[in-house]
Amino acid sequence: MRILAIETSCDETAIAILDITGPREKPDIKILGNSLLSQIHIHEEYGGVVPNLAKREHQKNLPILLEKTLKEAGGNSESPDIEIIAVTQGPGLEPALWTGITFAEELGKRWSKPVMGVNHMEGHIFSVLPNASEGLKLPALALLVSGGHTELVRIKEFESYEIIGKTRDDAVGEAFDKVARILGLGYPGGPKISKLASEHRASGLPLNIKFPRPMISSNDLDFSYSGLKTAVLYKVKEMVSITKDQKAEIARAFEDAAVDVLIEKTRRALETDEEVKSLIVGGGVSANKFLKERLVKLVELFPHVTLHLPSQNLATDNAVMIGIAAYIRRNTGTDHIASTGIKASGNLKLS
Ligand code: KG4
Ligand code: ZN
């Protein structure tokens, strides 16, 4: 099935054309075209994403990316060789989501192709499939870690999700971004914190700071990251001036605390559910090197569990994962898919 996929839920505009065949647990995924324009430089000065600026940029970028992706895939914009258009419906920023949906529906009308709304988090889950050479075995546990989500999801079978743990306040990616802002490192914070933290680990300098691990001992699988961010803020406020080494030490102490909680809750979820065969980790924070190292060590304790991570370019937002999630949802052909009237849903849940 040839799919044109569109992603505009936050600050990346992305379009991909995929050719996917085969069973859902082990599809053959060919990426025929894939382009992305990041708006990071535009939102950077505001310290976070500004929804209406994102909308304006998506509107500007979508036609450019469409031409580019079609060209890469060897098609033309009059009658491209695709069967279905997939577009992110939510969760995300509604003004940004609407831009993608309107664009997708116009293309659907122009080309007489069905349009399908896709859940962005389902995209993050299946972003691991291009890397899963042996296929994906269910039931699986997914740890979803992004700018808006921190969730543990049990995937019993395809299209059957149960959220067994989630953040009660900030998402872990949001905490990375806020701590980076406190340290004056800019947006998005994840990669910047991660770089400083690993430099500090490699330097051999002592680690004299320890931040709290919120909810690490709570009797559930929930998370909380707002207190950790506040602990960093207080630490920085009590320092008169702050050197580069001290920034790196804070970044490392923060990353240690943030990752410890993710690992401990995931460990507990795996321990209490012996049926789980796969651990999927998706969302922007899954690009974090330290988290990946800790996950590799974690699954060594569970020999019956295979760890699935996305490749670096599919960890953060992209359109390839939206196309794959559409394929997973395709069920029996495209007849059942509504081609118009898709509604953006900022809080869309996995169901
Ligand atoms: O999935 P994503 O691209 O967008 C959302 O759906 O939110 O995730 C973006 C988040 C940001 O908070 C960003 O700081 C974080 O992922 N991130 C990272 C890394 N790369 C991106 N966090 C930690 N370490 C990284 N290397
Ligand atoms: Zn995302």
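I began with the shell around ligand 1 and sorted its residues by kind: 5 are nonpolar, 12 are polar and 2 are charged. I note here that the model is a predicted one.

Next I looked up which residues come nearest to ligand 1. Of the 19 residues around the ligand, these are Gly 147, Asp 177, Gly 284, Asn 288 and Asp 317.

I then checked where ligand 1 sits. The ligand takes up the space of the largest pocket. I listed the elements that give two or more residues to the shell, and found α4 (120–126), α5 (172–182) and α6 (189–203).

I went through the contacts one by one. The side chain of His 124 has an N or O atom 3.0 Å from an oxygen atom of ligand 1. At Gly 190 the contact is made by the backbone: one of its N or O atoms lies 3.0 Å from an oxygen atom of the ligand. For Asn 288 I found a side-chain N or O atom 3.0 Å from a nitrogen atom of ligand 1.

I looked up the places of two of them: His 120 is in helix α4, while Asp 317 is in the loop between α10 (312–315) and α11 (320–328). The two are 197 residues apart, and the pair links distant parts of the chain.

**Backbone details**

I looked for cis peptide bonds. One joins Gly 90 and Pro 91, with omega about -10°. Pro 91 belongs to the loop between β4 (84–90) and α3 (94–111). Another joins Leu 138 and Pro 139, with omega about 0°, and I placed Pro 139 in the loop between α4 and β6 (140–145).

Last, I checked Ser 112. Its phi is positive, about 55°, although the residue is not a glycine. Ser 112 is found in the loop between α3 and β5 (115–119).

Terms used. Residues are numbered from 1 along each chain as its sequence is written. Chains are lettered from A and ligands numbered from 1 in the order in which they are written. This is a predicted model: local features need pLDDT of at least 70, side-chain atom pairs count only at pLDDT 80 or more; totals for chains, interfaces and linings use all residues. Side-chain values use heavy atoms; hydrogens and water are left out. A residue is near a molecule or strand if one of its heavy atoms lies within 4 Å of it. A polar contact is a pair of N or O atoms within 3.5 Å; within protein, one must be able to donate a hydrogen and the other to accept it, and residues adjacent in sequence count only if both atoms are side-chain atoms. On a 1 Å grid over the protein atoms alone, a cavity is a set of points where a 1.4 Å probe fits but cannot get out, and a pocket is an open set with protein on both sides within 12 Å along at least five of seven lines; lining residues have an atom within 4 Å of a point. A molecule sits in a cavity or pocket if more than half of its atoms lie within 2 Å of its grid points. Helices (H or I, at least four residues) and strands (E, at least two) are DSSP runs, numbered from the N terminus. Ala, Val, Leu, Ile, Met, Phe, Trp, Tyr, Cys and Pro count as nonpolar, Asp, Glu, Lys and Arg as charged, and the others, Gly among them, as polar.
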